[in-house]
Amino acid sequence: MKYAVLTLALALGATPALADSYVPVKDQATFLSLIENRELRNFFYGVRLNVLENGSIQGAAIGWDIEGTWSWQDGYFCREMSWGGDPIPYNCQLVEARGDDQMRFTVDRGAGDSASFRLR
């Protein structure tokens with residue numbers, strides 16, 4: 001049930017990846033420089049995530065903890081997570097940045113839905 005709620009929340013906020021001043025993040029070093037000591041937030045859905053240099057993901061959404069792991073593979077952010085104990089399957093995502101305070105992740109290596117976050 002929780003996974004369905006998060007999926008719905010991200011789908012409602014999802015948009016196709018369009019050329020709208022987002023710039024692809026092509027390497028892990030750039031990605032890490034953007035997220036270092038910062039939290040990814042989607043205020044509308046209450047999602048707060050810390051993507052840590054050690055390969056872990058920690059956060060919460062709608063009152064349930066999010067945990068996971070990530071790696072950088074062939075220019076994509078690849079992650080596997082759980083939300084309140086429910087698995088969120090492995091997926092590699094295109095990462096794009098707008099300035100130094102916004103980031104967008106597009107599933108299926110850029111071919112699927114997107115979710116945008118503020119960096120705080």
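**View A. Cysteine 78 and cysteine 92 are both buried.** Buried stands for under 20% relative accessible area, exposed for over 50%, and partly exposed for values in between (1.4 Å probe, protein chains only). The model is predicted, so local features need pLDDT of at least 70 and side-chain atom pairs count only at pLDDT 80 or more, while totals for chains, interfaces and linings use all residues. Residues are numbered from 1 along each chain as its sequence is written, and side-chain values use heavy atoms, with hydrogens and water left out. The structure holds one disulfide (a pair of cysteine sulfur atoms within 2.5 Å). Cysteine 78 and cysteine 92 form it, with their sulfur atoms 2.0 Å apart. The disulfide is right-handed, because the torsion about its S-S bond is about 110°. Cysteine 78 belongs to strand E6 and cysteine 92 to strand E7, so the pair ties together parts that are 14 residues apart in sequence.

**View B. The protein has three helices and nine strands.** Helices (H or I, at least four residues) and strands (E, at least two) are DSSP runs, numbered from the N terminus. Along the sequence their pattern is α-β-α-β-β-β-β-β-β-β-α-β. The protein has 120 residues, of which 41% count as buried. Among the contacts (heavy atoms within 4.5 Å) with a separation of 6 or more, 41% are between residues 24 or more positions apart.

**View C. Glutamine 73 is placed in strand E5, residues 64-73.** Its relative accessibility is 31%, so glutamine 73 counts as partly exposed. Cysteine 92 is 19 residues from glutamine 73 in sequence, and the two C-alpha atoms are 8.0 Å apart in space. Apart from neighbours within four places in sequence, glutamine 73 is in contact with Cys78, Tyr90, Cys92 and Arg109. Its side chain also makes a polar contact of 2.9 Å with the side chain of serine 71. A polar contact is a pair of N or O atoms within 3.5 Å; within protein, one must be able to donate a hydrogen and the other to accept it, and residues adjacent in sequence count only if both atoms are side-chain atoms.

**View D. The largest nonpolar core has 26 residues.** Such a core is a set of buried Ala, Val, Leu, Ile, Met, Phe, Trp, Tyr and Cys residues joined through side-chain atoms within 4.5 Å. Phe31, Phe77 and Met103 touch the most other members of the core. The elements that each supply at least two residues include helix H2 (28-35), strand E3 (47-51), strand E7 (86-98) and strand E8 (102-106). H2 gives the most, with four residues. With neighbours within four places in sequence left aside, methionine 103 has contacts that include Tyr22, Phe31, Leu34, Val95, Ala115 and Leu119.

**View E. E4 and E5 pair in the antiparallel sense over six bridges.** Strands pair if DSSP finds at least two bridges between them. In this pair, alanine 60 stands opposite aspartate 65 of E5. The hairpin of E4 and E5 has two residues between the strands, and isoleucine 62 there takes a positive phi near 50°. Isoleucine 62 counts as partly exposed, because its relative accessibility is 39%.

**View F. E5 and E6 run antiparallel and are joined by eight bridges.** Glutamate 67 is opposite serine 82 of E6. Serine 82 counts as buried, because its relative accessibility is 19%. Beyond residues up to four places away in sequence, serine 82 touches Asp65, Ile66, Glu67, Pro87 and Ile88. In the hairpin of E5 and E6, which has two residues between the strands, aspartate 74 has a positive phi near 55°.

**View G. Serine 114 is found in strand E9.** The relative accessible area of serine 114 is 3%, so this residue is buried. A polar contact of 2.6 Å links its side chain to that of threonine 106.

**View H. Asparagine 37 is in the loop between H2 and strand E2 (40-42).** Its phi is near 55°, a positive value in a residue other than glycine. Asparagine 37 is exposed, because its relative accessible area is 76%.
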